[in-house]
Amino acid sequence: MSHRHFCDSAGHWWDCNGTALRRGETEPSVCLCVACGRPLEGFDHGECDAPVELVVCPEHQEEERRRMDEARKAYERRAAQFGFEEKWTRMKALPDGPEKDALGGEIVEWLFGDGDRQRQ
Ligand SMILES: [Zn+2]
Ligand SMILES: [Zn+2]
Ligand SMILES: [Zn+2]
């Protein structure tokens with residue numbers, strides 16, 4: 001008996017044999033039923049109404065990793081351009097007042113003002 005996951009990297013179903021590598025993990029972990037908390041393999045989950053877990057399939061993990069890597073690098077580039085580290089350090093060191101507020105506002109705007117959130 002195997003269960004299925006939906007690969008949200010490429011958008012397809014795949015059969016899983018009991019363990020899968022999840023985002024943020026370096027080792028595959030046992031797939032657990034969200035409804036009852038038991039491993040998906042070896043137990044009957046016919047009565048469980050668990051949502052399907054989105055897990056990138058083994059074939060697309062490499063690609064996904066690359067994509068995440070690129071996203072991280074792009075972020076780091078933007079952060080360097082903006083001077084995030086330096087501004088952040090400066091902001092933290094400033095005493096409370098208009099200067100700190102202004103710098104804090106600038107940082108928040110940079111963090112949340114562009115990318116996906118801008119289109120919402
Ligand atoms: Zn699985
Ligand atoms: Zn279950
Ligand atoms: Zn896939």
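What follows is a short chat about this protein, which is a predicted model.

Me: What pattern does the protein follow along the sequence?

Reply: The pattern reads β-β-β-β-α-α-α. The protein is more spread out than a compact globule, because its radius of gyration is 21 Å, well over the 14 Å that the globule rule gives for 120 residues.

Me: And what does the C-alpha trace span along its principal axes?

Reply: About 60 × 30 × 30 Å.

Me: How much of the protein counts as buried?

Reply: Of its 120 residues, 6%.

Me: Which residues make up the largest nonpolar core?

Reply: Six of them: A20, C31, L40, V55, V56 and C57. In soluble globular proteins, nonpolar side chains tend to be buried together.

Me: Take A20. What is A20 in contact with, leaving aside neighbours within four places in sequence?

Reply: H5, P28, C31 and V55. Two of those names, C31 and V55, also belong to the largest nonpolar core.

Me: New topic: helix α1. Where does it sit, and how far apart are its end C-alpha atoms?

Reply: Helix α1 covers residues 58–82, and its end C-alpha atoms are 36 Å apart. That agrees with expectation, because 25 residues at 1.5 Å a residue should span 36 Å.

Me: What comes just after α1?

Reply: G83, with a positive phi of about 80 degrees.

Me: Back to the strands. In which sense do β1 and β2 pair, parallel or antiparallel?

Reply: Antiparallel, over five bridges. Strand β1 is residues 3–7, and strand β2 is residues 12–16. One of the bridges joins H3 to C16 in β2.

Me: What about the hairpin between them? Which residue there takes a positive phi?

Reply: G11, near 75 degrees. The hairpin has four residues between the strands.

Me: How many residues of β2 are buried?

Reply: Zero of its five, and β2 is hardly covered.

Me: Now R4. Where is R4 found?

Reply: In strand β1. R4 counts as partly exposed because it has 13 C-beta neighbours inside 10 Å.

Me: Which residues does R4 touch, not counting those up to four places away in sequence?

Reply: W13, W14, D15 and C16.

Me: How far is R4 from D15?

Reply: They are eleven residues apart in sequence, and 4.5 Å apart in space, C-alpha to C-alpha.

Terms used. Residues numbered from 1 in each chain as written. Chains lettered and ligands numbered in written order. Predicted model: local features only at pLDDT ≥ 70, side-chain atom pairs only at ≥ 80, totals over all residues. Helix = DSSP H or I, 4+ residues; strand = E, 2+ residues; numbered from the N terminus. Rg over C-alpha atoms; globule rule 2.2 N^0.38 Å. Buried ≥ 20, exposed ≤ 12 C-beta atoms within 10 Å, placed from the backbone. Core = buried A, V, L, I, M, F, W, Y, C linked by C-beta atoms within 7 Å. Contact = placed C-beta atoms within 7 Å. Expected span 1.5 Å × (residues − 1). Pairing = 2+ DSSP bridges.
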